[in-house]
Every structure is written in C-alpha cells, then in structure tokens.
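Here are my notes on the salt bridges and disulfides. Please read them with the model open.

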Amino acid sequence: MPRCDAAVYNDQVRVALLVVATLIAGCGRIGFDEQVAPSPDGRLIDHIDQLVAYANQTCVIVNDAALCWGANDAGQLGDESTVDRTVPTPVHLPAGIVTRISQGESHACAIVEGVLYCWGATFDVKPAAFPLANAIGPVAEVGCGRGLSCAIVDARAQCWGINSAGQLGDGTQTDRATPAPIADAIELATLSVGDDHACAQGPAIGPVCWGHNDDGALGFGAAVPDISSTPTFVVADVTAMPQIAGWHACGLATGNLLCWGRNTEGELGDGTLTSSALAVQVKGLANVEAFAVGGGPTDFDASCAIVGGLVSCWGAGTQGRLGNGDVQSSPVPVPVTGLPAAARAVAIGYDHACALLVTNEIYCWGAGTRGQLGDGKQQSSLTPVRVAL
C-alpha cells in the first residue's frame, strides 16, 4: 500500500504550487499569440531580444541574458576564456537585464541595467564595467567595430579606439583609449558601427555618418574626401537607422531598402557591380521588415533583408553566406533556402549570416570553421543549420 501521510501530501502541494507559479510568471512575457522554443534542458525560451553578428562571432540576448559563440581568440565571447565555442555560451556579465550587446572584430560590449561592460581585445577576457565621460544617465546604446567602439549616453555619442580614418567622429585622427564625445553636440538615439566608420540617428534629425568614405560609404553623395572626422548627413531620405559594414551601408526609406558604397560583389542589390556614393534602391524588395549588412577589411560585403517573413540575401556568396546552397555572388536578392518558419531578424558577419525566426529558433549559414554557426560543429554550411540554443 502506498503511503498517504502528511509529509507526502505536503510534497505534492509544494510541487503543484511550483507549477502554478511558473505558469503565472511566464504569462508576464509570453502572449497567447507568441510561440516559444524549448532549450535542450526543457526550459522555455521566453523571449529573444537581439541577434548580432560580426567577424566570426554571433551573439543573442535570450531571456535577458547574453549568449555568444564562434571565434574567441581574443576573449571576445566574454566567457573568461580564449577557446572558440561551437554552441551558445553565457557571457559572464553581472546579474541584471541585458538590454543591448554588440560584437566587434575582436572585442564586444553590452549594457546591463544601464551600465556599459566591455571585454576582449584591449580589454580583459572577463567583462568589466567601462565608464563613459561625464555620464549622468544610463547608457542607451553601444556599437563595436574593428578596434573602435561608440556608445550613446545622455542622448550624446561618445567613441574610443582607433581613429586613423576619423572613425571616432571627434574632428581628429588621433587614437583614444578613453571615450570622447563626437564633434557635433546633436541628440542621438541609435547607432551602427562598422570596421572604420559609424552612423547614428536622432529623434529630430536624419542619419549622420563619419569615418572612412571609400566609394562613398558615408552616403553624403561623393567619394571625396575619403574620410570625414565629423558627422556628415546622409543624402538619402532614409527613415530608419542605416546599418553599415566594411565598405557599404543600407537604410530604409518608407519600406524600400536603399544602399550605397562599394558594390564590387553586388552588395548594393541594384543589379549592377557599380559602386555609388548616392543611395540606390535594392531591386525586387518592397515593405522590408528588417535588414542587415555585413563585411570586413577584405572586399567581400553582403546584405540580407526580410520581406513577409522570408529572408533574401545578395552580394558576396563566399562560404555560402547567401544561404541559397551556392557560393556565387549575386547583385540582386536571392532567397535563403531551408528556413522552417518566418524570420523576424537577421545578422551578418564576415562570412556567415543568421536569422531569428518567429518560433524563437535561430538558424545560421556560411562559414563555420570557428563555430560561428552555433550548431555544435566547426563546419561551414551552404544552407541554414539550427543553432543549439
């Protein structure tokens, strides 16, 4: 006969209450129309807030915590090691809600409860708080590139790091180890940092860019001068924050995607291989929901966009980065094949790309020899593979 004493009864009550409490807590973030994906240990992924990629790394914010995978030779994954990771690995940040994360070529930064933390090259392998100049309020945004970083605090941008192309925006070409405000005291809310240049946008102004301007990458309508050490307005009527990569940039204009800069691999998506200092419209796309650009110090940039939940990519197809089963480049968007559900975000590194699906799954494709595809392997893939969240 089974026991039916007070101890057993109390255990059963505690288990029941725990289940109810878990369900109630989850309802605070999960709507009835949302879908969730279970992690390998059975826990629900409540929400994924950001997906980023740069160089050979990928990061994501899951349930308010940061996870990264891929190359880690400079400690850029933030797990206090220099070992490459083939699956998402927690960044060793202090307790608190992670609101933003950004990967650069060999370092990264994140915002936790309004405080900026950085790690990797020029920093330590362990994330540490990084103070900004004369900051009063919380840090609102951060972006990392190749040897430089920028952040927005008190509605103003500050940058630090390498400045040979004026990429710190302070009116000089002098490297800075500590943050300094960009030259113009303009109110800003969002930013994007690339290899040697950066862009930002404010609530009352259109986007401005600064840094290297090879082939018109800054978008102010001319390829000369080849650098601008102060913010310059983008000529295109861009209504959403531009995203920049190694040699080109793209931005939204009432649902149409416009791109400018170098186009040797077709990364501008206008059907040509002609670079342009003026924005050109990407062919065949309308009502773009999200987009991303990628590239690096080598001349192999690419772009991706989401329309109706479907992902298309164009530009350099090296390592299968366009996700269509081929390594050929394309000057017009081609569909990514093999995604099992609609996508809501996309990110691109040097030779790989990833998409966040509405099911809260992440799929990546392209170069994978450093583990940047997150599927537990060190293999490249011409088509999307599921990240082992």
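**Notes on cross-links and charge pairs**

1. C304 and C313 are joined by a disulfide, with an S to S distance of 2.0 Å (a disulfide is a pair of cysteine sulfur atoms within 2.5 Å). The link is right-handed, at 105° about the S-S bond. Both cysteines, C304 and C313, are buried (buried is under 20% relative accessible area, exposed over 50%, partly exposed in between, with a 1.4 Å probe and protein chains only).

2. A caution on the source. This is a predicted model, in which local features need pLDDT of at least 70, side-chain atom pairs count only at pLDDT 80 or more, and totals for chains, interfaces and linings use all residues. Residues are numbered from 1 along each chain as its sequence is written, and side-chain values use heavy atoms, with hydrogens and water left out.

3. The disulfide total is seven. One of them joins C59 to C68, S to S 2.1 Å. Its torsion about the S-S bond is 110°, right-handed. C59 and C68 are buried.

4. C199 and C209 form another disulfide, S to S 2.0 Å. It is right-handed, with 100° about the S-S bond. The pair links distant parts of the chain: C199 lies in strand β14 (residues 197-201) and C209 in strand β15 (residues 208-212), 10 residues apart (strands are DSSP runs of E, at least two residues; helices are runs of H or I, at least four; both are numbered from the N terminus). C199 and C209 are buried.

5. C144 is buried, at 1% relative accessible area.

6. Now the charges. The structure holds nine salt bridges (a side-chain nitrogen of Lys or Arg within 4 Å of a carboxyl oxygen of Asp or Glu). One of them pairs D73 with R370, 3.2 Å from N to O. These two sit in distant parts of the chain, 297 residues apart: D73 in the loop between β3 (65-70) and β4 (85-90), R370 in the loop between β27 (362-366) and β28 (381-386). R370 counts as partly exposed because its relative accessibility is 25%.

7. D79 pairs with R85 in a salt bridge, closest N and O atoms 2.7 Å apart. D79 is buried at 7% relative accessibility. R85, at 28%, is partly exposed.

8. R176 and D170 also form a salt bridge, with closest N and O atoms 2.5 Å apart. R176 is partly exposed at 33% relative accessibility. D170 is buried at 14%. Elsewhere, salt bridges with shared partners join D73, D84 and R370 into one network.
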